Amino acid sequence: MSGSFQYYTPDELRRSLQDHRLIVDGVTQRDEHRARALMEGHIRTSYAALTRGR
């Protein structure tokens with residue numbers, strides 16, 4: 001997925017950045033379940049964005 005952000009729309013970039021911030025918060029707070037759930041959701045959303053007709 002490295003470099004995949006170059007294919008994102010501005011809204012997708014904003015969403016991705018927010019995802020990363022929330023994931024870091026979960027890790028910082030040592031909330032492994034939250035961090036994992038956020039990461040899994042981020043991966044699914046990112047994959048969907050990249051495979052949507054691109």
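Me: Where is the place of R30?
Reply: This is a predicted model, in which local features need pLDDT of at least 70, side-chain atom pairs count only at pLDDT 80 or more, and totals for chains, interfaces and linings use all residues. Residues are numbered from 1 along each chain as its sequence is written, and side-chain values use heavy atoms, with hydrogens and water left out. R30 has a positive phi of about 60° although it is not a glycine, and R30 is exposed, with a relative accessible area of 77% (exposed is over 50%, buried under 20%, partly exposed in between, with a 1.4 Å probe and protein chains only). With helices taken as DSSP runs of H or I, at least four residues, numbered from the N terminus, the place of R30 is in the loop between α1 and α2.

Me: Around what arc do the buried residues of α1 lie?
Reply: In α1, the buried residues are E12, S16, D19, I23 and G26. They share a side of the helix because, with directions taken from the helix axis to the C-beta atoms, they cover an arc of only 80°.

Me: With which side chain does the side chain of H42 make a polar contact?
Reply: H42 lies in helix α2 and counts as buried at 7% relative accessibility. Taking a polar contact as a pair of N or O atoms within 3.5 Å, where within protein one must be able to donate a hydrogen and the other to accept it, and residues adjacent in sequence count only if both atoms are side-chain atoms, the partner at 2.8 Å is the side chain of D19.

How values were computed
Helices (H or I, at least four residues) and strands (E, at least two) are DSSP runs, numbered from the N terminus.
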